[in-house]
Amino acid sequence: MNKLRKITNVTKIYSDIVSSELSGRIFWVSYLLLLVIHCIENTSVIYSDAVWVEGMYLFRNLLYLVLLARLGMLALYKRQELVCAGIFFAVGAVSFLGSRDFGMMEFVLIMLSAKDESPRRLVTAFAAIKVAAMILTLLLWRVGVLAAVLYQDDNVGYYNTYGFCHRNVLAANITVLCLAWFYLRWRSLKIWDVAVWCAIALLTWPVAQSRTGLIILFLIIFGMFFGSRKREQILKVPDLRRIVLLFFTVILLISVIGTLFYSDHSAVWKLIDSIFTKRFKFAHQCLEQYGLTLFGQQLPFVSTIEAQNSDAARLILDNSYMRALLYYGLIPGGMFLGTYFRALDLSVRRKDVRLMICLAVFAVYGLSESYLLDVNYQFPLLVAWS
């Protein structure tokens, strides 16, 4: 009887190991392929009539189904984790039904699938794909395979995107690569890391012309370097947890107050909004015209390139906090922001200064860009979840 019990236990352990290994392989293959597809979306090819683009999107949907099947059949969860996963999945699904945008659901799928994966491996894989994609995009633009899209801008006239779909996308890719670099080299950061990335930041400016990207690059460089050198002193700051959580709350309040009270008739608000490159103006416009919903709504966004090629007025919503609430809905958006708040809280409780700074930098980035809500850029929250 004891022998039979031992054999049964060994068989179960072996089955769990095989299941775990298979589950891990499915996640990594799917995650890397989704990153590759996202990098292709970052290029000017999305403005072409290439017939294979639709096939690429169908393949992406298949990868979503694969991750969903993996979650249902292979992933190992405790009972309370199943409840949490079910709530996240349900809210992600209703956000898709309301907004018809899969962004929130994609975040949920990849976050749930990344459970128990190595954070360092996640960041390394993310950085490797992004570096390869950036180099390839620039090379393909240089040889004429990718179109050079010319955007019209109020301040700089026309600018080149160098094979990317937008100058801010180019800046965002450089920014997240910088953050990944400092994350991976956290324990061995030297002054040359600062010097090299300061040079890259300054060289990026005349190419990408992204003021937000430049500011965030310098926040990353000096914030991560200072944090790695002064980790122990930072952890001894009185009420550190309260300060960090208040910092996030203040950024959220700035977004909400700016949206609610912005006025075209106020010189003060126009001056404030010019700092945030019309983020409050567009958010206020969306709120006034379409209001708030519980589970999200379709918004008729008009991008810069669409407005440039038609008579339509631009309608964008790049402030991540208001995009979460206005576009994805109060409940899904509130859940996402609550998850971010919780991730910041846990980073302080676990004395993970590196993750705390990464999340804080992205929180600032969310004031002017929507990348806070994009799992294909937002690796710090993915790390926190795993």
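This is a predicted model: local features need pLDDT of at least 70, side-chain atom pairs count only at pLDDT 80 or more; totals for chains, interfaces and linings use all residues.
Residues are numbered from 1 along each chain as its sequence is written, and side-chain values use heavy atoms, with hydrogens and water left out.

Let me step back to the whole chain. The protein chain has 17 helices and two strands, these being DSSP runs numbered from the N terminus, with helices (H or I) of at least four residues and strands (E) of at least two. Its radius of gyration is 22 Å, close to the 21 Å that the globule rule gives for 386 residues, so the chain is as compact as a globular protein of that length; the radius is taken over C-alpha atoms, and the rule is 2.2 Å times the number of residues to the power 0.38. Taken along the principal axes, the C-alpha atoms fill a box of roughly 85 × 55 × 45 Å. Of the 386 residues, 49% count as buried, which here means under 20% relative accessible area, with exposed being over 50% and partly exposed in between (1.4 Å probe, protein chains only). Among contacts between residues at least 6 apart in sequence, 71% join residues at least 24 apart.

Now back to Phe362, and to the core it belongs to. Which residues touch the most other members of the largest nonpolar core? Of the 110 residues in that core, they are Tyr31, Tyr340 and Phe362, where a nonpolar core is a set of buried Ala, Val, Leu, Ile, Met, Phe, Trp, Tyr and Cys residues joined through side-chain atoms within 4.5 Å. The largest share of this core, twelve residues, comes from helix 6, which covers residues 167–184.

Next, the empty space. Rolling a probe the size of a water molecule over the atoms shows where empty space is left. On a 1 Å grid over the protein atoms alone, a cavity is a set of points where a 1.4 Å probe fits but cannot get out, a pocket is an open set with protein on both sides within 12 Å along at least five of seven lines, and lining residues have an atom within 4 Å of a point. Grid points are joined across faces, edges and corners, and a volume is the space filled by probe spheres set on the points.

How many cavities of 30 Å³ or more does a search of the whole structure find? It finds two. Thr175 itself lies in helix 6 and, at 2% relative accessibility, counts as buried; apart from residues up to four places away in sequence, Thr175 touches Gly213, Ile216, Leu217, Ile220 and Tyr365.

The largest cavity has a volume of about 60 Å³, and its lining consists of Phe88, Met104, Phe107, Val108, Met111, Met335, Phe336, Thr339 and Leu381. Helix 4 provides the largest share of that lining, four residues. By class, the lining divides into eight nonpolar, one polar and no charged residues, where Ala, Val, Leu, Ile, Met, Phe, Trp, Tyr, Cys and Pro count as nonpolar, Asp, Glu, Lys and Arg as charged, and the others, Gly among them, as polar.

The second largest pocket holds about 590 Å³ of space, and of the 23 residues that line it, the closest to its centre are Leu346, Arg350, Ala384, Trp385 and Ser386. Helix 15 gives the most to this lining, with five residues, and the lining as a whole divides into 14 nonpolar, three polar and six charged residues.

I will finish with a loop residue, Val45, found between helix 1 (2–41) and helix 2 (52–73). Is Val45 buried or exposed? At 12% relative accessibility, Val45 counts as buried. Val45 and Cys165 are 120 residues apart in sequence and 7.8 Å apart in space, C-alpha to C-alpha.

Note on methods. Contact means heavy atoms within 4.5 Å.
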